[in-house]
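Look over the model first, then work through the answers.

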Amino acid sequence: MADTPCLGVAICTFNSADVILDCLESLLASTGVALRIVIADNASGDNTVTLLRDWAAGRQAYLAPENCPFAFTPAARVAPIPLDGTASPDLPHRVRLLETGVNGGFAAGVNAALAVLAQDADVDRFWILNPDSMVPPDTAQAFARASVPEAGFALMGGRVVYFDTPDQIQIDGGTLNRWTGVTGNLNVRGPHPGAPEPDPADMAFITGASMVASRDFIATAGPMPEDYFLYYEEVDWALQRGALPLAYCPGGVVYHRAGTAIGSPTPWRPASPFSLYFKHRGRLRFMGRHFPAGVPTALLYSLAKAGQLLLKGYPVEGWTVLAASLGLPPSAQVRARLSPEAQKRAF
């Protein structure tokens with residue numbers, strides 16, 4: 001219909017075979033909106049690409065997970081889904097698979113997908129979504145239709161909830177300590193539903209797990225910075241917004257399987273050395289770039305964090321924090337997670 005809004009969706013995958021179909025099937029069940037989905041695969045070493053092609057062709061059956069926190073009906077299809085972004089005869093949404101050929105990091109994959117979506121003049125809002133997420137049927141429409149200030153907005157967030165504990169919020173918006181570079185999550189572990197909506201004025205950034213960018217913002221800020229490889233790219237990007245404000249969409253609920261790809265921390269376990277290295281390297285890189293007066297305080301925080309991990313019996317993790325914060329090379333354990341070509345990009 002003519003009044004149906006169009007929303008672009010950029011998904012960066014890397015070894016996402018265990019989660020990507022849940023993400024896509026929940027997206028295809030979205031109502032009241034026409035989605036333009038671009039999946040940028042960062043040279044996955046598992047069968048992500050093969051799985052996507054088999055799924056699109058109808059050779060891969062799909063069953064929703066029994067523990068899905070919301071009800072949805074997988075879209076009934078009578079024909080294969082073209083993976084070149086063209087229309088399917090029985091779906092309002094379009095899907096394109098883009099193989100980047102190399103793991104250039106999160107931002108590089110997102111930027112590749114955004115560049116394709118930007119060619120569609122019907123798309124004014126671009127939803128960056130993690131592949132380990134599932135979305136209720138009305139979330140995409142909420143983002144596409146959310147009212148914003150007359151002058152527009154830069155980045156819009158919603159509520160990200162833990163998939164495995166769907167009564168707990170992961171993040172309602174991000175905060176930033178400008179002396180340490182430490183980020184925080186508004187309403188973290190608060191009740192869902194029940195926690196009050198955050199004030200966008202309290203936000204410093206929107207999480208990259210679920211973030212809607214306006215076309216005006218992308219024109220102002222340019223692509224997401226790629227030199228972080230992982231972590232802090234969305235924090236840095238938000239600082240490039242100029243006068244455009246951040247926004248919050250009350251209906252933009254996403255359920256997130258936190259840390260499935262890179263071992264991000266959860267309430268139940270510490271972050272992996274891989275995650276810790278990039279997070280703390282990114283934090284110090286970010287501080288040096290934007291708040292250099294806070295670098296000494298940021299380093300003191302690193303020392304305290306490393307000591308905390310060591311005292312808890314995590315020696316590898318503790319030393320990883322120190323190495324990353326001091327700009328030292330990563331351990332062999334961290335390097336082993338990446339291909340030689342990806343290592344050139346990351347390090």
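Q: In which strand is R159 found?
A: This is a predicted model, in which local features need pLDDT of at least 70, side-chain atom pairs count only at pLDDT 80 or more, and totals for chains, interfaces and linings use all residues. Residues are numbered from 1 along each chain as its sequence is written, and side-chain values use heavy atoms, with hydrogens and water left out. Strands are DSSP runs of E, at least two residues, and helices are runs of H or I, at least four, numbered from the N terminus. R159 belongs to the strand spanning residues 155-162, β6.

Q: Is R159 buried or exposed?
A: Buried means under 20% relative accessible area, exposed over 50%, and partly exposed in between (1.4 Å probe, protein chains only). The relative accessible area of R159 is 7%. R159 is therefore buried.

Q: With which side chain does the side chain of R159 make a polar contact?
A: A polar contact is a pair of N or O atoms within 3.5 Å; within protein, one must be able to donate a hydrogen and the other to accept it, and residues adjacent in sequence count only if both atoms are side-chain atoms. For R159 the distance is 2.7 Å. The partner side chain is that of D172.

Q: How many salt bridges does the structure hold?
A: Side chains of opposite charge can pair when their charged atoms come close. A salt bridge here is a side-chain nitrogen of Lys or Arg within 4 Å of a carboxyl oxygen of Asp or Glu. The count is eleven.

Q: How many residues apart in sequence are the parts tied together by R53 and E99?
A: The side chains of R53 and E99 meet in a salt bridge at 2.8 Å, N to O. R53 lies in helix α2 (residues 48-57) and E99 in strand β3 (residues 94-99), so the pair ties together parts separated in sequence by 46 residues.

Q: What is the relative accessibility of E99?
A: R53 is partly exposed, with a relative accessible area of 39%. E99 counts as partly exposed too. The value for E99 is 45%.

Q: Which helix holds D236, the salt-bridge partner of R289?
A: The closest N and O atoms of R289 and D236 are 3.3 Å apart. The pair links distant parts of the chain, 53 residues apart. R289 sits in helix α7 (residues 273-290), and D236 in helix α6.

Q: Is D236 buried or exposed?
A: R289 is partly exposed at 40% relative accessibility. D236 has a relative accessible area of 3%. That makes D236 buried.

Q: Which helix holds both K344 and E341?
A: Their side chains meet in a salt bridge (3.9 Å, N to O). K344 is exposed at 64%, whereas E341 is partly exposed at 37%. The two residues are three apart, about one turn of the helix, in α11 (residues 340-346).

Q: What is the phi of F229?
A: Most residues other than glycine have a negative phi, and most peptide bonds are trans. F229 lies in the loop between α5 (215-221) and α6 (233-238), and is buried at 2% relative accessibility. Its phi is positive although F229 is not a glycine. The value is about 70°.

Q: What is the omega of the peptide bond from H192 to P193?
A: P193 lies in the loop between β9 (183-185) and β10 (210-214). The bond is cis. Its omega is near -5°.
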